[in-house]
Amino acid sequence: MTTTIIWLVRSGLAVSMGAVALGLALLPLRQSSAAAAAGVHAGPMSRTEAFARAETLGALGRKIFFDPSLSASGLQACASCHDQAHAFGPASATMPVEMGGEHRDQPGLRAVPTLRYLQSVPSFTEHYYDSEDEGDESVDNGPTGGLTWDGRVDHGADPAKIPLLSPFEMGNKDAAEVAAKLQKAAYAGDIKAAFGETVFNNPEDAFDAAAEALATFEQSGPDFYPYSSRYDAFLAGRATLTAQELRGRQLFEDPAKGNCSSCHLSEPANDGEPPQFSDFGFLGLAAPRNMAIPANNDPNYHDLGLCGPQRTDFAGRSEYCGLFRTPTLRNVALKKSFFHNGHFHSLRDVVSFYATRDSDPGRWYPRNADGTIRKYDDLPQAYWDNLNQDPPFGRKPGDAPALTDPEIDDIVAFLGTLTDADLEAEATGH
């Protein structure tokens with residue numbers, strides 16, 4: 001299901017609740033073949049029925065999301081890696097990747113991303129053109145959109161299926177194994193009520209039903225895109241920023257300094273939609289190789305993002321190697337691991353890396369036996385032309401960095417204004 005969210009903006013405030021529920025419910029929600037045959041929610045729905053359907057599936061999806069019994073270990077739920085108190089991202093920085101599988105001893109390959117603010121990510125396309133409301137319609141922005149770090153799945157049920165079947169996540173062998181666990185769950189009756197009494201007759205139908213419910217839950221406005229940060233209130237004229245935060249905002253947007261907003265859009269769209277802090281495009285940034293990921297002990301293994309190995313349809317497309325989708329920066333101050341490989345655990349280090357990747361590479365990359373710097377050590381040299389060289393990158397070793405230490409602190413302070421109101425206690429430790 002590809003969800004279109006219709007935003008109403010009044011006096012600078014995004015009014016989303018009704019639009020979100022209606023936008024979800026009016027789309028054709030996939031039912032099991034058995035449910036369709038039985039006439040469960042078959043045919044057009046009234047506005048009232050549409051809202052009720054969205055609420056029903058959202059409530060069911062919440063139960064599934066927090067249920068550890070659906071994993072091979074019986075100990076790992078979706079919420080185990082996507083912690084609600086951390087913007088549905090990982091709660092711990094002790095490991096760059098989460099452990100899963102039957103015995104929770106199988107390491108993943110990438111850092112866990114947040115699930116908040118994914119509702120506006122477009123479906124993946126190799127050639128993306130801005131809409132009339134967003135910018136210049138004539139410019140090809142290249143690969144854009146899709147979910148996960150490499151954009152290989154789009155909205156709807158497909159993203160929900162990946163962790164359920166991944167051998168290093170929830171570890172189920174197939175849809176039938178998931179369906180059998182769903183049938184034993186306390187909410188099995190809710191699944192039947194939503195998708196038909198015979199939904200468990202076909203394991204694929206039951207698996208699809210669970211994924212559809214998860215997808216609906218993950219489109220819940222209050223949980224996944226409340227737009228309640230202090231920066232949102234500032235844009236609406238209901239809050240102020242400190243002098244340091246305002247300086248950080250200016251540096252964030254200045255093309256000659258941070259230039260962060262060139263990819264992490266910080267202004268409302270022309271149609272009034274709140275800023276997403278991502279253009280959803282793909283960039284090569286050359287995060288240092290993270291040797292805490294077991295797969296990286298093999299010198300021949302490289303996570304190349306868009307061109308594989310997890311994504312396979314662009315294998316051999318060298319111009320895409322090393323590119324990963326730009327994440328949102330909303331709630332970034334709560335993150336414990338940064339970049340696709342979780343190499344960094346400090347937001348200040350991330351901003352510093354941007355400012356000095358090329359001017360001071362020895363600060364970030366290891367040295368060879370002869371003392372030379374092994375620059376861009378997680379990306380084979382054949383793909384270095386794919387790396388972003390826009391400011392603040394592109395400087396030569398020894399050049400002055402694009403940002404001073406106080407300016408880096410200012411940007412970090414500004415990024416702290418992007419934390420949603422319901423997560424402020426986690427951010428401040430109170």
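The backbone oxygen of Gly 416 lies 3.5 Å from a polar atom of the side chain of Thr 419. This is a predicted model, in which local features need pLDDT of at least 70 and side-chain atom pairs count only at pLDDT 80 or more, while totals for chains, interfaces and linings use all residues. Residues are numbered from 1 along each chain as its sequence is written, and side-chain values use heavy atoms, with hydrogens and water left out. Thr 419 sits in the loop between helix 13 and helix 14 (424-428), and Thr 419 is buried, at a relative accessible area of 1% (buried means under 20%, exposed over 50%, and partly exposed in between, with a 1.4 Å probe and protein chains only).

Helix 13 (residues 405-415) also has a partner, helix 12 (residues 347-356), and their axes come within 10 Å and cross at roughly 130 degrees.

Elsewhere, Pro 268 is placed in the loop between helix 11 (243-253) and strand 5 (282-283), where Pro 268 is partly exposed, with a relative accessible area of 36%. Leaving aside residues up to four places away in sequence, Pro 268 touches Leu 235, Glu 273, Pro 274 and Pro 275. Of these, Leu 235 is 33 residues from Pro 268 in sequence and 8.5 Å from Pro 268 in space, C-alpha to C-alpha.

Note on methods
Axes fitted to C-alpha atoms, helices over the stretch in contact; angles between N-to-C directions. Helix = DSSP H or I, 4+ residues; strand = E, 2+ residues; numbered from the N terminus. Polar contact = N/O pair within 3.5 Å; in protein donor to acceptor, adjacent residues only side chain to side chain. Contact = heavy atoms within 4.5 Å.
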